[in-house]
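Please read the following briefing alongside the sequence and the coordinates. The notes are grouped by topic.

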Amino acid sequence: TNIKRSEKARLYLKSRGLEKTEVGYNGGGYKHLKSCIIFPLKSENENIISLYGRSIYDKKDQRHFYLKNRKGLYPHYPQAETKKLILTESMIDAATLLEVDEIRNNYEVLALYGTNGLTDEHKKAIERLAFLEEIILFFDGDEAGRKAVDKYEEELKDICKISKVNTPDGEDINSLIIGHDSEVLLHL
């Protein structure tokens, strides 16, 4: 309900093209995630077990906040029947993909915790997918994103086919949908 009460939070979500996203907002009641859009991290049973906060203020060194001892996955554990899984490097990028009906209806999406954020919990969730045919790595078009794609391609290659999205230089999933029609994501 805090999103409904905060024009700043609503404007931030709108500016990021996030209309369908399951999020909350903390305007200051919980000091560790103050002025943050709150993304739920879920257990295998779909219970919210931790939180990620993305500041609505774009301060380079104070944008991303996790609760201590974070666990859980965003947006949720992939469904058992998953055939195609897109891995992103951030919650906002995962949420952005889920805004596109054709992606949401044909792929599972899973956010990592940054370019070094493939955890054991992620790996176990992926390894249990008996029908998985393809993992698509869709990371930022910068040096860190490209290095992470190479690293995870090598790390995950024994699970199934690995595909890489060639994200344009200086772009990420969210910036692409802001600057272009959502068709650009489908094309990539």
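The side chains of aspartate 101 and arginine 104 meet in a salt bridge, with 2.3 Å from N to O, in what is a predicted model. Both residues belong to helix H4, where aspartate 101 and arginine 104 are 3 residues apart, about one turn of the helix.

- Because lysine 20 lies in the loop between helix H2 (7-15) and strand E1 (24-26), while aspartate 101 lies in helix H4 (residues 101-106), the pair ties together parts that are 81 residues apart in sequence.
- Aspartate 101 is partly exposed, its relative accessible area being 37%, and arginine 104 is likewise partly exposed, with a value of 34%.

- Lysine 147 and glutamate 143 form a salt bridge in which the closest N and O atoms are 3.0 Å apart, and both residues lie in helix H6, 4 residues apart, about one turn of the helix.
- Lysine 147 counts as exposed at 53% relative accessibility, and glutamate 143 counts as exposed at 52%.
- Salt bridges that share partners join Lys20, Asp101 and Arg104 into one network.

**Strand E7 and its neighbours**

- Strand E7 (residues 134-138) is mostly covered, since 5 of its 5 residues are buried; Glu134, Ile136 and Phe138 point one way from the strand, whereas Ile135 and Leu137 point the other way.
- Strand E5 (residues 84-88) pairs with E7 in the parallel sense over 5 bridges, and phenylalanine 138 in E7 is the bridge partner of threonine 88.
- E7 also pairs in the parallel sense with strand E8 (residues 161-164), over 4 bridges, and lysine 161 in E8 is the bridge partner of glutamate 134.
- Between E7 and E8 the chain passes through helix H6 (residues 143-156), and this β-α-β crossover is right-handed.

**Helix H3**

- In helix H3 (residues 91-98), 8 of the 8 residues are buried, so the helix is largely enclosed by the rest of the structure.
- The buried residues of H3 are Met91, Ile92, Asp93, Ala94, Ala95, Thr96, Leu97 and Leu98.

Notes: Residues are numbered from 1 along each chain as its sequence is written. This is a predicted model: local features need pLDDT of at least 70, side-chain atom pairs count only at pLDDT 80 or more; totals for chains, interfaces and linings use all residues. Side-chain values use heavy atoms; hydrogens and water are left out. Buried means under 20% relative accessible area, exposed over 50%, partly exposed in between (1.4 Å probe, protein chains only). Helices (H or I, at least four residues) and strands (E, at least two) are DSSP runs, numbered from the N terminus. Two strands pair if DSSP finds at least two bridges between them. A crossover is right-handed if, with the strands pointing away from the viewer, the path from the first strand over the helix to the second runs clockwise. A salt bridge is a side-chain nitrogen of Lys or Arg within 4 Å of a carboxyl oxygen of Asp or Glu.
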